[in-house]
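Hi everyone, thanks for coming.

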Amino acid sequence: MDLGAITKYSALHAKPNGLILQYGTAGFRTKAEHLDHVMFRMGLLAVLRSKQTKSTIGVMVTASHNPEEDNGVKLVDPLGEMLAPSWEEHATCLANAEEQDMQRVLIDISEKEAVNLQQDAFVVIGRDTSEKLSQSVIDGVTVLGGQFHDYGLLTTPQLHYMVYCRNTGGRYGKATIEGYYQKLSKAFVELTKQASCSGDEYRSLKVDCANGIGALKLREMEHYFSQGLSVQLFNDGSKGKLNHLCGADFVKSHQKPPQGMEIKSNERCCSFDGDADRIVYYYHDADGHFHLIDGDKIATLISSFLKELLVEIGESLNIGVVQTAYANGSSTRYLEEVMKVPVYCTKTGVKHLHHKAQEFDIGVYFEANGHGTALFSTAVEMKIKQSAEQLEDKKRKAAKMLENIIDLFNQAAGDAISDMLVIEAILALKGLTVQQWDALYTDLPNRQLKVQVADRRVISTTDAERQAVTPPGLQEAINDLVKKYKLSRAFVRPSGTEDVVRVYAEADSQESADHLAHEVSLAVFQLAGGIGERPQPGF
Ligand code: 16G
Ligand code: MG
C-alpha cells in the first residue's frame, strides 16, 4: 500500500467535518454533495475486498428511489450479492475516519481480514446518475493499484449481473450490456412463443421509469424483445425529476398512479424505481378505481406458475416463498392455504430475503415494495436442463419453459426488467388479464406511517421485526390496540434508511387500518421518545 499516495489523494476528496454516515440497508445514501469522500473511500475498500476474495467486486453509484438531490453507493460481492456484513462495518469505519486516521483504518481492515496486499484487484463500476461521483470511486481504486472497468450508465441489477458473470467464467452469461440484453430477451421470446393467447391486450405494457436509468436501458433493449412485447415508456427523464411523483416507491406508498402517465381502464401498467431494482403493477378498473398489484401479488403469480410447471414435469422440488412483515396478510394466507406453498418471513432488506431464499431448491422472494426475484439452486438448474433434453413431449415443454424462466431471472439480484419480462410471459402463457391476476386474492386494507423520535435505536425488534422488544411496554400496548379490530395486525420498526420509526397496520376496513395505525403511532410517540408534533389522525 502506498500510504503516501493515499494520504495525498484522500485530501483531494476531503471528508466534511463531523459528518457521520452508516452503511445501511442499501449502502450509503445521503445528499450528493456530501458523498465525494465516501465514493473515493469505497473505491479503496472495493480493492481490499477484491484482493481478499480474489474476485471482481462491483461498486454502484445510485440514488435508487431517493430524491434527485441525493445519491448513494453500494458494493457488490463476488456472486452478485450484497456486501458481507463484516465488510459493511469496515465500510462505515472507513467512511467516517478523519483524514489523519485513514491509513490506520485501512491497515486495520487489511489485518483483520487477512488481505494479501500483493494480490491483484479488479473492480467494476456502474452509475445511474453522477459521473463525477463515479470518477471519485475510480480515483480510490487506482490509488490502491486496482484495475477497473467502468461500465458507465447501468441499472443496479445490471451491475450485479456483470459481477456475477465475471466471477463465473462466463458460464452465467456474457459480462456486457449486449450479453444482458441477449440473454434475457432470447429467453423471453422463446417463452412467449409458447403462448396461445396473442393480441395486443397481452403484448403491450405501459412503463413508468421514475425518470431514472430504467428508461434509457429499456429503450436500448426493447428491439431485442419487441417480438413478444411492446413497451410504452413514461417518465423517461426527458422532463420530470428523478423519483418525483412517480416510480415504484411513490405508487406503492401513495397507492395512486404516477404523474405523467395516462391510463385507460384495464390497461396494464408498471412502475420501476430510479435504479430499476423494484417493480409494481397497477391498473384502473372500468369505474376508474386504482388497483395496485404489489410485490406480494407478483410473488404469488410467479410461485404458482413455477409450482404448476414442476407438477407437470413430475419433479417434487422444494419451493419456498420469502416475505417480510410488510407482506399483506391476505397474500400469506393465500400462499399457505390455497397454493400450499410454505412461506417464511425475514427482516426488511433484500439481503435478508435473498439469504433465506437460498435455502430452497427454488426460492421466490419479494418485498411488498417490489424488490425481488426467484433463485434456483445450481442442482435444480442442472436437473431442469437435463429434463428439457430427455422427457417426452408435454413434460419437455414444461421443462423448457422452466429453463427459459431460469435464464430470465437475474439470479444475482432482484431486477425490475427481468421481473417485468417474467410477469409478462406468465400472463401471456396463462392467458390472464391484469384483473384476473389481481383477483387471486383481495389485499387487506393497510396503512403505513412514520413517527419522529429522538433516537430510533430505542426500538429493537425480534421475530423478523414483528415484535418490539424495547422500549418496555410498547409491544403490550400494540397488542391491546390490535385486539380492538378485526383481522388486524400491526408492528413498528426503526427505518434503516431514514431517521424515523415506521408503523404498519392492517385490518378488515380502511377506516380500521387508519385508526389502528394512528393509535400505534401515538403509543410509539409516548413510549419511544417522540419529538415534534404529536401524530395527528387523518391522512
Ligand atoms: C432499502 C432496501 C429495501 C428495503 C428498504 C427499507 C435493498 C437493496 N434495499 O431500500 O429492500 O425495503 O431499504 O427501508 O436492500 P426502511 O428501512 O427505511 O423502511
Ligand atoms: Mg432501488
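Let's start with Glu 359, which counts as exposed, at 52% relative accessibility. Here buried means under 20% relative accessible area, exposed means over 50%, and partly exposed is in between, using a 1.4 Å probe and protein chains only. The side chain of Glu 359 meets that of Lys 356 in a salt bridge, 3.0 Å from N to O. By salt bridge I mean a side-chain nitrogen of Lys or Arg within 4 Å of a carboxyl oxygen of Asp or Glu.

Before going further, some housekeeping. This is a predicted model, where local features need pLDDT of at least 70 and side-chain atom pairs count only at pLDDT 80 or more, while totals for chains, interfaces and linings use all residues. Residues are numbered from 1 along each chain as its sequence is written, chains are lettered from A and ligands numbered from 1 in the order in which they are written, and side-chain values use heavy atoms, with hydrogens and water left out.

Okay, back to salt bridges. How many salt bridges does this rule give? The count comes to 34. Why do such pairs turn up? Side chains of opposite charge can pair when their charged atoms come close.

One of them joins Asp 294 and Lys 252, at 3.1 Å from N to O. Asp 294 sits in the loop between β10 (290-293) and α11 (295-313), and Lys 252 is in helix α10 (residues 248-254), so this pair ties together parts that are 42 residues apart in sequence. Those labels come from DSSP runs, numbered from the N terminus: helices are H or I with at least four residues, and strands are E with at least two. Are these two partners buried or exposed? Asp 294 and Lys 252 are both buried.

Another salt bridge pairs Arg 466 with Asp 463, with their closest N and O atoms 3.0 Å apart. Arg 466 is partly exposed, at 31% relative accessibility, and Asp 463 is partly exposed too, with a relative accessible area of 38%. Elsewhere, salt bridges that share partners join Lys 74, Asp 275 and Asp 277 into one network.

Which residues coordinate the magnesium ion, ligand 2? They are Ser 64 through OG, and Asp 273, Asp 275 and Asp 277 through OD, at 2.1 to 2.2 Å. Donors are N, O and S atoms within 2.8 Å of the metal (3.2 Å for Na, K and Ca), and water is not among the atoms, so sites may look incomplete. Along the sequence, the donor residues follow the spacing S-x208-D-x1-D-x1-D. Asp 273 and Asp 277 are both buried.

Now for helix packing. Helix α3 (residues 85-96) and helix α4 (residues 102-112) pack at about 170°, with their axes 10 Å apart. The axes are lines fitted to C-alpha atoms, for helices over the stretch in contact, and angles run from 0 to 180 degrees between N-to-C directions. That makes α3 roughly antiparallel to α4. The cut-offs: under 35 degrees is roughly parallel, over 145 roughly antiparallel, 65 to 115 roughly perpendicular, and the rest oblique. On the α3 side the contact includes Trp 87 and Leu 94, and on the α4 side Met 102 and Ile 109 are among the residues involved. Contact here means heavy atoms within 4.5 Å. The contact residues divide into seven nonpolar, one polar and one charged. Ala, Val, Leu, Ile, Met, Phe, Trp, Tyr, Cys and Pro count as nonpolar, Asp, Glu, Lys and Arg as charged, and the others, Gly among them, as polar.

What about helix α6 (residues 156-167) and helix α7 (residues 177-193)? Their axes come within 10 Å and cross at roughly 100°, which makes α6 roughly perpendicular to α7. Gln 158, Tyr 161 and Met 162 in α6 meet residues of α7 including Tyr 180 and Lys 183.

Thr 470 and Pro 471 are joined by a cis peptide bond, with omega about 0°, and Pro 471 lies in the loop between β17 (467-470) and α18 (474-482). Lys 54 is not a glycine, yet it has a positive phi of about 50°. You'll find Lys 54 in the loop between α2 (36-53) and β2 (56-61), exposed, with a relative accessible area of 60%.
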